Amino acid sequence: MALYVALCYYDRDRYWDEPPETEFSPEYTEFARRATEAGVMRGGEALHPVTMSTTITVSGGRGGDVMLTDGPYAEAKEVLAGYFVLETADLDEAVAWAVQIPAAWRGKIELRPIAPHHA
Amino acid sequence: MDASAALVKVLREEGPRVLAALVRQLGDLPVAEDALSEASIAALGAWPASGIPDNPRAWLTVVARRKALDLLRRESARTDKETAAFRWGTERAKDEIEEVIDAMETESELRDDMLRLIFTCCHPALSREAQVALALRTLARLEVDAIARAFLVPEPTMAKRLVRARSKIATAHIPYVIPSDAQLPERLAAVLAVVYLIATEAHAPTGGNAVARVDLEAEAVRLARLLVELMPDEPEALSLLALLLFTSARTPARSDVQGHVVTLADQDRGRWNRHAIAEGSRWLSRAVILSGGPAGLYQLQAHLAAAHSTATSWSETDWDRIIGLYDLLGSAGANPVVALNRAVAVTERDGPEHGLAALEAIVGLELSHLWHAALADNLRRLGRTAEAAGELETAASLAPTEGERRLLLSRLLDVRPEPT
């Protein structure tokens, strides 16, 4: 089995007008229910808009100067709106689930394999 | 063929099959590739003295499996490798005969393994560039430096591209499976596109000098043949093989003794490979019988190539048929290159006024040397030599290769008015 995070991206302007956690809530709830029933869902959350974000950098190595910036690091056209963690047999199966996430047609999904955690 | 050439041929023929079975057993393409490379080196060391074994595939499989086991043990610090090594390590030690019997797969197992390997290398989650590189390395067994030369990139760039592609297959868990019936048309199209791309790269090298490059055209034909062998009832695979045979049949006539480019209209048709054309015709007939419904895009292109290949001369070409085929190709979606080729046929059938009008209606080829050269041809035939010269100059400045630039400049001498 393999773990993936399905990162849900929205067009910045569209996301501003229609935050997914309000507008599309029923669709997301429905997807989450089906994925959970199938044993594929390993977690996932909607995120607040990027205007609520704080970007952090530490310069000069560990313990160096902390700099906080309001908002995201770059003026990206697309913003991360939420994510799902999916566990499937392989990429084809993960894609088959990802195409059912509303962001797939309202924005786009990036399916990224999760690196195993070494204790 | 000398002994070492025969040996290399066996390695290239059997290599992909050995690899395909090994990947299924290991579930790890990079390890399987490394193991096969080591087994091939071992064969190059052993076979010149011992002779090529009766069953070179079994020999290579046994050696590659042992090498793979060594590799997995060496790399067992990596967790996902540990599981595989464990699986291998717990197997009872086998004697050599058992091992050889194990290595012999049935034809249908082998066919499935090859298909799995092909569809994995051309999985849509890989970039087209990566798919092409994998097809040439993993399926055609070309060396990395040869592939790099063929695509005019530095060897480390190509090596990195291959490493990244293989590691994506492993890390993203791209499955080693044959696509389901529902997925097959789309996935097969991706495989055919990779082979087609390799062939077009051979015909239109993206710059530089074509000398000293590997014969990508022959590699594309080999890959298309492999696809037909594995999927003998897929009309588009048959059509692609036919298309590549028709176009490769013309290669001997595509340049003259000085190495200058010769266009289709001026080629010495006596130098075309008649065997390849006959073979292409047979595959195309089979594709037509099997396709049942409307012809696919490769089938239409194969019919076009066949119409040229079976014409006795440029002027005797069946332009009606060719224009009809371009209309069918164009109906699949507006494509300026199809429109350009159709316009060339219109010139031949209806004359330069009509050809010129068809060319001028095309949008999007302003940077194509072929479009400017076709405009020049029609203008020249209409006696508008000054305009023809202008178009040829533009065409020459846009030509992607030195050979094509030279050809266009030589035409310029024919139309340019004598210097005063």
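**A friendly note on a two-chain predicted model**

1. Let's start with the sheet of chain A. Helices (H or I, at least four residues) and strands (E, at least two) are DSSP runs, numbered from the N terminus. Two strands pair if DSSP finds at least two bridges between them. As background, strands of a sheet pair through backbone hydrogen bonds, either parallel or antiparallel.

2. Before going on, a word on what you are looking at. This is a predicted model, in which local features need pLDDT of at least 70, side-chain atom pairs count only at pLDDT 80 or more, and totals for chains, interfaces and linings use all residues. Residues are numbered from 1 along each chain as its sequence is written, while chains are lettered from A and ligands numbered from 1 in the order in which they are written.

3. Now follow the pairs across the sheet. β2(A) pairs with β5 (residues 78-88) of chain A in the antiparallel sense over 5 bridges, and A:Gly44 stands opposite A:Phe84 in β5(A). β5(A) is also joined to β1(A), by 10 bridges, and these two strands run antiparallel. Here A:Tyr4 has A:Leu86 in β5(A) as its bridge partner.

4. How many helices and strands does chain A have? There are 5 helices and 6 strands, and along the sequence they follow the pattern β-α-α-α-β-β-β-β-α-α-β. Of the 119 residues in chain A, 21% are buried; a residue is buried if 20 or more other C-beta atoms lie within 10 Å of its own, exposed if 12 or fewer, and partly exposed in between, with C-beta atoms placed from the backbone. Among contacts in chain A between residues at least 6 apart in sequence, 73% join residues at least 24 apart. Two residues are in contact if their C-beta atoms, placed from the backbone, lie within 7 Å.

5. Next, the meeting of the two chains. Chain A gives 6 residues to the contact and chain B gives 7 residues. On the side of chain A that touches chain B, the classes are 4 nonpolar, no polar and 2 charged residues. For these classes, Ala, Val, Leu, Ile, Met, Phe, Trp, Tyr, Cys and Pro count as nonpolar, Asp, Glu, Lys and Arg as charged, and the others, Gly among them, as polar.

6. Chain B is divided into domain 1 (1-105), domain 2 (107-204 + 215-231), domain 3 (238-306) and domain 4 (318-420); the bounds come from an automatic or database domain assignment. In chain B, 11 residues of domain 2 are in contact with 9 residues of domain 3. On the domain 2 side, α10 (184-203) and α11 (216-230) of chain B each supply at least two residues, and α11(B) has the largest share, 6 residues. By class, that side of domain 2 of chain B has 8 nonpolar, 1 polar and 2 charged residues.

7. Look at a helix pair in chain B. Helix α6 (residues 107-121) and helix α7 (residues 128-139) of chain B pack at an angle of about 150°, with axes 9 Å apart. Axes are lines fitted to C-alpha atoms, for helices over the stretch in contact, and angles run from 0 to 180 degrees between N-to-C directions. So α6(B) is roughly antiparallel to α7(B) (under 35 degrees counts as roughly parallel, over 145 as roughly antiparallel, 65 to 115 as roughly perpendicular and the rest as oblique). B:Leu117, B:Ile118 and B:Cys121 in α6(B) meet residues of α7(B), including B:Leu134 and B:Leu139.

8. Last, two loop residues. B:Leu152, in the loop between α8 (144-150) and α9 (155-171) of chain B, has a phi near 55°, a positive value in a residue other than glycine. For comparison, most residues other than glycine have a negative phi. B:His173, in the loop between α9 and α10 of chain B, also has a positive phi, near 55°. Is each one buried or partly exposed? B:Leu152 counts as partly exposed because it has 13 C-beta neighbours inside 10 Å, whereas B:His173 is buried, with 22 other C-beta atoms within 10 Å.
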